[in-house]
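This report describes a structure with several chains, one part at a time. Please have the sequence and the 3D view open while reading.

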Amino acid sequence: MKAFLTRRKSFVVAATAALALSLSACGGGDAGGGSNPAPVEKPTFAAGTTMEKLSSAGTIKIGTKFDQPLFGQVGLDGKPVGFDVEIGKLIAAKLGIAADKIEWSETVSANREPFIEQGKVDLVIATYTINDKRKQVVSFAGPYYEAGQALMVNKDNDSIKKPEDVKGKKVCSVTGSTPAATIVDKYGAELVPAATYSACLEPLRNKQVEAVTTDNVILAGFVDKEPDAFKLASDETFTKEPYGIGLKKDDTEFRNWINDQLESFEKDGDYKKAWEATAGSVIKTAPSLPTINRY
Amino acid sequence: MDVIIENLPLYWEGFLRTLFLSAVSGVIALVLGTLLAAARVSPVAALRGFSTVYVEVLRNTPLTIAFFFAAIVLPRLGVKFEQFEIAAIIALSTYTAAFIAEAVRSGVNSVPVGQAEAARSIGMGFGQVLSLIILPQALRTVIPPLINILIALVKNSSVAGAFFVLELFGYGRQLANANGDAVITVLLGTAFFYLLLTVPLGILASTVERKVAIAR
Amino acid sequence: MSSVLYDVPGPKARRISLIASIAGAVLILGLVAWIVMILAQQGIFEGRRWQIFTRADVWRLLGNGLGATLSAAALAAVIAFPLGLALCLFRIADSPIIRIPVRVVLEFLRGMPVVLMMLFVLLGFGTSPFIAVVTGLVLYNAAVFAEIIRAGISSLPKGQREAGLAIGLTSYRSRMLIELPQAIRRMMPSLVAQMVVLLKDTSLGYIVAYGELLRAVQVMADFLGNAFLFPVFFVAAAIYIAINILVSRLAVWIERRGSKKAAGGTAKAEPAAVEAGAP
């Protein structure tokens, strides 16, 4: 019995040590990585608004993708970089929050709405397409960018040019994503589901699937990394994917405020700068801010 | 509730694919696992060594890694398949076989020594001792743990949903994403279909367990 | 043990066995060589692909992933074990009012895929991926621990409980003082084997976006480019297998120690063929 007790004690010690290790490993701040827009000094907001709450708390929780090249991708230092991240930093700065005070958390396609609903994050900026079904659960500021669905194929594949060409063929996409639903429901492709978009690359390379489909900007990131292996089937997109900033449903003041900020970024040139620092390295034509959808 | 009824065809399709993956992998794993167990107790050192290494490595590999290997590394090696179900079946059956081999081996160990001695004394060789005397008795005592492993297999097939096979879990995820307002209902529906497979198996296991216990 | 199954091999049988062994070894080596060759053709072994392991940040990220894996596993094990113990006591309680509902709950928990439970917690309750992973692991493994301990108790000779009751212990005290300590010791190998399963199952966190080892590998490969997928994947697989074999060895060591003790003490019942940890 004594032996058992010592064993248990040493196990607990080991467990605590492991826990401490991981806590210290994750505890680092989120400084650096990309630009560092200067926060506004002591901004003032009407009492009771979300802006006022966040501003006086001095921190904001933003959800983004960690595996989306050019938009939100985590680097070797564990900090996300990309256009979404830059937009997040710009908004935080307007609230008087420095970039290193932002708490980034990973949101995957499946948990964006629950995270907003339950207040796990204040904002979701994660290649998040605005659509009516989602609007029933969350509210959207923006759009701040308009992407469109496209197809990526192997470099030597000339048989697929438009979405109609993939009818009955195997196409890889992420389970449950909007592009996956579109390519199946509208164009009759056979879906091969993956956990992440990057997981689709190997099957494509091995010709086990004919194409990979998702938003053009994401695919452009993949093509940029391996221009000898992949290409976009066509420069044309076949859907419109307005990316919005997700926030709690019916927080109209916050939504309108963010929309105002987005327009000011465009006017100040911050929007263009954010683009050039990130996605602009691959997609040369800088976009202009789409018309804000105020509803 | 409406979400489940509306999407019943999708659930059903996922359920059938899960059933298919589990059944095929289960049969392959049973055969492979029994062969591995036989190799483990055989007189040929190389077979023993191979079986030991196989079981040790596979039992200690996370299933996700096994899937990764079957779905992504194997094609790189030139083993290409049209259907990703094949990758899933390879991953599930090779992984599960290691556990089955261990269970069968412990069953072999539980057969009284006198059985083997008696068989040998009437002139049987290793193959006969094992296939005619030991394994039939061993399999009976290991049926409950084998069923438990098969239950685990059914549940493990859910990992295939993240590796290019649209089965029950994959559909559940898809429906959860499409119905952001009814996530819990959608997932409960998915759980129900899994339980439809695993609970009867569990009841079967405890019934057999009781029967075997009485027979002793 | 195995020697009971066959006669001591004679010279001829030994020769055949040796030849078969050599042939088998050649076959396996040939297969390995073939795999290495194909991989080499694709440039997997180019130095540039492995140089990333000289970078400190690569190891820091792998270390973070490993830390996340171990902390989720440790926390889940620490919670799941006592919970499983409690569930087990309820499961074998004298009163059917307690016993039957607990049995239903246990069947439910054991019948659900762990990854589905994780997803359920993640989406249904909007928790962080860490909480989702730990909760999923706790719920499932507590149920399995309960079953293992129950099997241990039912493998004890009946006399143990009877003796306990005869000297005036209540049912509960007999369970706690007499049966549980013996059952847990007897089931130690299965319990540790289940710990390995628990540790392995943390890799399901990959699917619910928990930054454990496998996820760290994927993120790293995404960032560095696909050329580095294989090197980081092989290193991660090696880390997993090494840690799990270490824990499994611990199980074997405990089993040896346990059986030595049992041989000196009470007579050992036939080796229970109960589950060696559900995979």
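Helices, with at least four residues, and strands, with at least two, are runs assigned by DSSP and numbered from the N terminus. The model is predicted.

**Chain B**

By that definition, chain B has 9 helices and 0 strands. Read along the sequence, its pattern is therefore α-α-α-α-α-α-α-α-α. The C-alpha trace of chain B spans about 70 × 50 × 25 Å along its principal axes. Chain B has 216 residues, and 54% of them count as buried. Among the contacts in chain B with a separation of 6 or more, 76% are between residues 24 or more positions apart.

**Where chain B touches chain C**

How many residues does each chain give to the contact? Chain B gives 60 residues and chain C gives 49 residues. On the side of chain B that touches chain C, the elements giving two or more residues are α3 (45-59), α4 (63-76), α5 (84-110), α6 (113-121), α7 (126-156), α8 (168-178) and α9 (183-215) of chain B. The largest share of this side, 13 residues, comes from α7(B). By residue type, the side of chain B that touches chain C divides into 36 nonpolar, 17 polar and 7 charged residues.

**A residue in chain C**

Ile16(C) is part of helix α1 (residues 11-41) of chain C. Is Ile16(C) buried, partly exposed or exposed? A residue needs 20 or more C-beta neighbours within 10 Å to be buried, and 12 or fewer make it exposed. Ile16(C) has 13 such neighbours inside 10 Å, so it counts as partly exposed. Ile16(C) and Val4(C) are 12 residues apart in sequence, and their C-alpha atoms are 20 Å apart in space.

**Strands in chain A**

An open sheet of 5 strands in chain A has the order β10-β9-β11-β8-β12, with mixed pairing.

Another open sheet in chain A has 3 strands in the order β2-β3-β4, and its pairing is antiparallel. Here β2 (67-68) and β4 (80-81) of chain A are the edge strands, each with a single partner strand, so one side of each has no neighbour in the sheet.

| Strand | Partner | Direction | Bridges |
|---|---|---|---|
| β3(A), residues 72-74 | β4(A) | antiparallel | 2 bridges |

Methods:
Residues numbered from 1 in each chain as written. Chains lettered and ligands numbered in written order. Predicted model: local features only at pLDDT ≥ 70, side-chain atom pairs only at ≥ 80, totals over all residues. Pairing = 2+ DSSP bridges. Contact = placed C-beta atoms within 7 Å. Nonpolar A, V, L, I, M, F, W, Y, C, P; charged D, E, K, R; others polar.
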